[in-house]
Amino acid sequence: MEMMLSNYGHRLLLAMNRGDASQDPRIPVLTSLRSAVTQNSSDIPDVLSLQEAGLIQEVPAGLCSNDVQLRYQRNPLENISRVVFEYTTLCNLSCHHCRNGNLSPVTSRDLNALKRVVDVVIPLGIRRFDFIGGEVLLYGMKWPELARHIQAAGGQVNMLTSGWFLEQENFWAAGERHTTSHAFLQRLAEVGVTHLTFSLDGPRDVHDVCREVDGLYDRIMRGIPHVRAAGVQPQVSLMILPRLADQILADWLSELGGHLYPDRSPQERLDRLQSDPMNYLSHFIDVGNGTGMMSSGGKASDIPDRFLRCKNFFRPAPTLRFKATGELSLCPLIDAGDGYGNLHDTDPIALLNGMQDAFVYRLHAENRIVDYRPLVDPAIFSDVAEHVCSHRVIVTMLAQAIHEAGYDAQTVPPALLQPLNVKVARRVGHLPSETPSPLGRPAPGA
């Protein structure tokens, strides 16, 4: 029986060789196997324990030595540097561009499964864990226990928030009542939060309109020094809206740099803002609530086929994402990145080792997504597309729906296409959702 390194075993070897992880006594065996590309199981010491640990696996049928070498070179785990836990989709705001705006609410409840993820990825040299929502600080259940687990394992905890709690008194968050926002910030530091990232959609007037909360932008700016004083590093997640003029954008970034890096020169502030890996900088994608912000600036039909293929589905960087449903997902947009398996029924190592078997992986790795593009119904979907990702999401989700129904692009019955297109359109926001929105809910304990 011929054996090879699994995705997990190969990434562990890379982490050891780079000095990103503690040395493991099994590394010499993994190194010898990597050098030989494949090896007979009878020649591998402790072969059963290595298999049980998910470090090696049988060579899949039909793969020759060159194929195995290519598999190592294309390991989907190679460039992962952070894990994102979408802890809850519940939120107390209703932002104009929210990607979850038409989806039913979900909150993570299986802490043991998430702790298992931490224990699995820490040995790979991955120590950054970002908690996103929804609004985790308000609706997340028992996440401080997970934060402490990450801290004990030597990881960093970054919480993304709207900043809703700043300058509040006697409020509920993280399962407890807090007297002031300052006391809450200190509590975050106590449970292991190392970074607090504020989501911002533009300068003051733009941000407060998008969030529908007057004065929120200024509260965040005033709160940044208090975050730092509590021993937590303030960061920002910026949504770059297409309607922001270049000069307005430049002035806004300069202002933010002054708040985040006050001891730096103006140019150093700008450089640091854009290069700091703990900050998020993303473009507006017209899905979810964002479909209501679409302009006539671009057409989906004008997007060339070659742009539909996305490397992140098979060579992800830098994020490994676990949704509140338990799904391993490689795309933050709606359900487009789903299909790699679920924590609730599969161990994380098995999920990581089986990524190449997922339909959505092959859809993009083999560039089969172009076969499904003609199946998108123009009578259901708007031809307006602010960003290529919005159309890519639609085609990817439609392809996945056809696959789950037991067909492919050539065999799907025409009568099935219309209901599948409608199903996808409701998920991405091109048609009204049939499920209740998770937005605008009152705070627990209020």
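Cysteine 210 is buried, with a relative accessible area of 0%; buried here means under 20% relative accessible area, exposed means over 50%, and partly exposed is in between (1.4 Å probe, protein chains only). This is a predicted model, where local features need pLDDT of at least 70 and side-chain atom pairs count only at pLDDT 80 or more, while totals for chains, interfaces and linings use all residues. Residues are numbered from 1 along each chain as its sequence is written, and side-chain values use heavy atoms, with hydrogens and water left out.

Back to the cysteines. The structure holds 0 disulfides, a disulfide being a pair of cysteine sulfur atoms within 2.5 Å.

| Cysteine | Closest cysteine sulfur | Sulfur distance | Relative accessible area |
|---|---|---|---|
| Cysteine 210 | Cysteine 95 | 7.8 Å | 0% |
| Cysteine 331 | Cysteine 389 | 6.6 Å | 10% |

The sulfur of cysteine 210 is too far from that of cysteine 95 for a bond, and the sulfur of cysteine 331 is likewise too far from that of cysteine 389.

Strands β4 (residues 82-86) and β5 (residues 128-132) run parallel and are joined by 5 bridges. In this pair, arginine 82 stands opposite arginine 128 of β5.

In the loop between β4 and α5 you'll find valine 106, which counts as partly exposed at 24% relative accessibility. Leaving out residues up to four places away in sequence, valine 106 touches Tyr87, Thr88, Thr89, Leu90, Ala324 and Thr325.

Last stop, helix α11. Its buried residues are Trp252, Leu253, Leu256, Gly257 and Leu260. Looking down the axis of α11, they fall within an arc of 140 degrees, so they line one face of the helix; the arc is taken from the directions from the helix axis to the C-beta atoms. Among the elements covering these residues are β9 (193-200), α10 (216-229), β10 (233-240) and α12 (266-275).

Note on methods:
Helix = DSSP H or I, 4+ residues; strand = E, 2+ residues; numbered from the N terminus. Contact = heavy atoms within 4.5 Å. Pairing = 2+ DSSP bridges.
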